[in-house]
Amino acid sequence: MKILVTGGAGFIGSAVVRLAVARGHEVVNLDALTYAANPENVVSVADSPLYRFEQADIRDRAALDRVLETHRPDAIMHLAAESHVDRSIDGPGAFIETNVTGTYNLLEAARSWWLAQDRPEGFRFHHISTDEVFGSLGEEGQFTETTPYDPRSPYSASKAASDHLVRAWHETYGLPVVLTNCSNNYGPFHFPEKLVPVVILNALRGLPIPVYGDGGNVRDWLYVEDHADALLLVLEKGRLGRSYNIGGENEVKNIDLVRTICAEMDRLRPDAAPHNRLIKFVTDRPGHDRRYAIDPIRIRTELGWRPSVTIEEGLRRTVEWYLDNENWWSPLLSRQGVGERLGKA
Ligand SMILES: NC(=O)c1ccc[n+]([C@@H]2O[C@H](COP(=O)([O-])OP(=O)(O)OC[C@H]3O[C@@H](n4cnc5c(N)ncnc54)[C@H](O)[C@@H]3O)[C@@H](O)[C@H]2O)c1
């Protein structure tokens with residue numbers, strides 16, 4: 001299959017690109033190369049005859065038409081987005097432009113292309129979204145695919161809007177779409193402004209490790225390579241017009257996640273005193289969702305998918321990867337906003 005992956009130079013998109021090429025798919029990676037991108041993320045496939053790169057912005061409709069016409073993909077996997085909640089609090093405009101208007105452009109470009117090809121039956125538009133569209137849970141319950149949308153940050157609101165557009169393009173125009181809503185990912189190539197890499201890199205450098213609020217916020221952590229595997233499965237086997245929740249079956253409080261990473265650092269890079277001495281509780285993020293949890297029944301029963309990497313194993317692999325790949329993360333620390341406290345509103 002020839003797959004056009006948007007956002008393939010980012011964290012999850014690059015995992016999809018690497019896995020798809022490894023499985024013999026042709027991949028066209030369309031990415032604007034924003035601050036969050038890194039061409040190094042796909043260097044392992046850059047010389048493959050199965051791989052092509054197109055620097056293009058999903059806000060640019062003409063560029064999307066050109067890429068589709070040039071490469072003639074069988075499917076689109078749409079991951080390009082502004083993805084950092086804290087940045088969405090400081091500057092929501094970019095999130096509306098890329099996540100909402102950009103998705104609209106891509107839907108329209110895909111629809112024109114699909115119509116011009118006489119509606120090929122196998123064509124798929126796979127929209128990759130987040131569990132954050134469902135809002136915040138209390139102590140009990142899980143998000144199912146029918147949980148009402150209740151986004152509470154500019155980021156999650158923009159993703160929710162894009163999900164609605166994708167469903168509307170299916171219902172109104174018949175565009176063959178599938179959607180996925182996934183929980184928090186972690187793993188190699190994670191941009192160093194997100195929680196897991198921040199903890200690892202601050203612990204490594206003896207810097208304070210910021211924990212928002214009381215650290216009691218719960219996330220359902222999924223190893224990024226498991227997510228990429230689930231995404232390719234949904235692309236190939238998911239039912240048209242349907243959405244699938246993807247979770248890690250690993251609910252963990254932020255403070256416990258941070259302590260586990262510190263313990264891993266104690267093991268791999270012992271310091272004079274335990275790394276958890278660096279933990280510093282800081283003012284909470286405004287509107288910080290308390291708990292996310294995924295009910296994974298649909299993807300498990302319909303498609304037979306379950307995550308394969310436990311949180312302990314995934315964190316061990318991730319910490320080792322950051323310790324072994326300073327050349328990857330070191331240049332990213334000087335990018336705008338990295339290492340600063342963003343999103344205090
Ligand atoms: N990270 C998570 O835990 C998580 C969980 C569930 C869903 N998601 C979703 O998965 C997708 C990928 O997330 P990520 O964490 O890899 O994000 P990321 O920020 O690491 O990567 C986003 C990529 O999109 C590109 N991009 C941004 N704006 C663009 C534009 N206008 N045109 C073209 N390319 C553009 C960037 O250059 C970057 O390479 C997003 O849609 C996100 O909402 C993420």
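Modeller: Let's start with Thr103, which lies in helix 4. Keep in mind that this is a predicted model.

Biologist: Okay! Is Thr103 buried or exposed?
Modeller: Thr103 counts as buried because it has 26 C-beta neighbours inside 10 Å, and the cut-off for buried is 20 or more.

Biologist: Which residues does Thr103 touch?
Modeller: Leaving out residues up to four places away in sequence, Thr103 touches His78, Ser162 and Leu165. Val166 is also worth a look: Thr103 and Val166 are 63 residues apart in sequence, yet their C-alpha atoms are 8.1 Å apart in space.

Biologist: What span should helix 5 have?
Modeller: Helix 5 covers residues 154–173, so its 20 residues at 1.5 Å each should span 28 Å. Its end C-alpha atoms are 28 Å apart, which agrees.

Biologist: And what follows helix 5?
Modeller: Gly174 does, with a positive phi near 75°.

Biologist: Switching topic: which residues are closest to the ligand?
Modeller: Gly7, Gly10, Ala32, Ala37 and Ala81 are the closest of the 30 residues that surround the ligand. That shell divides into 14 nonpolar, 11 polar and 5 charged residues.

Biologist: Which helix gives the most to the shell?
Modeller: Helix 1 does, with 3 residues. Helix 4 (92–116) and strand 5 (124–130) each supply at least two.

Biologist: Tell me about helix 1, then. How many of its residues are buried?
Modeller: Helix 1 is mostly covered, with 10 of its 12 residues buried. Among them are Phe11, Ile12, Val16 and Arg18.

Biologist: What do those buried residues pack against?
Modeller: Their partners include strand 1 (2–6), strand 2 (26–31), strand 4 (75–78) and helix 7 (224–237).

Biologist: And how far does helix 1 reach?
Modeller: From first C-alpha to last, helix 1 reaches 17 Å, close to the 16 Å expected. Just after helix 1 comes Gly24, which takes a positive phi of about 90°.

Biologist: You listed Val16. What is Val16 in contact with?
Modeller: Setting aside neighbours within four places in sequence, Val16 is in contact with Val5, Gly8, Met77, Leu79, Ala228 and Leu231.

Biologist: Last one: what domain does UniProt list?
Modeller: An unreviewed UniProt entry lists "domain: NAD(P)-binding" for residues 4–318. In the model, that span is 41% helix and 17% strand, and its end C-alpha atoms lie 27 Å apart.

Technical notes:
Residues are numbered from 1 along each chain as its sequence is written. This is a predicted model: local features need pLDDT of at least 70, side-chain atom pairs count only at pLDDT 80 or more; totals for chains, interfaces and linings use all residues. Two residues are in contact if their C-beta atoms, placed from the backbone, lie within 7 Å. UniProt positions are given in the numbering used here, feature names are shortened, and annotations may be inferred rather than shown by experiment. Helices (H or I, at least four residues) and strands (E, at least two) are DSSP runs, numbered from the N terminus. A residue is near a molecule or strand if its C-beta atom, placed from the backbone, lies within 6 Å of it. Ala, Val, Leu, Ile, Met, Phe, Trp, Tyr, Cys and Pro count as nonpolar, Asp, Glu, Lys and Arg as charged, and the others, Gly among them, as polar. The expected span of a helix is 1.5 Å times one less than its number of residues.
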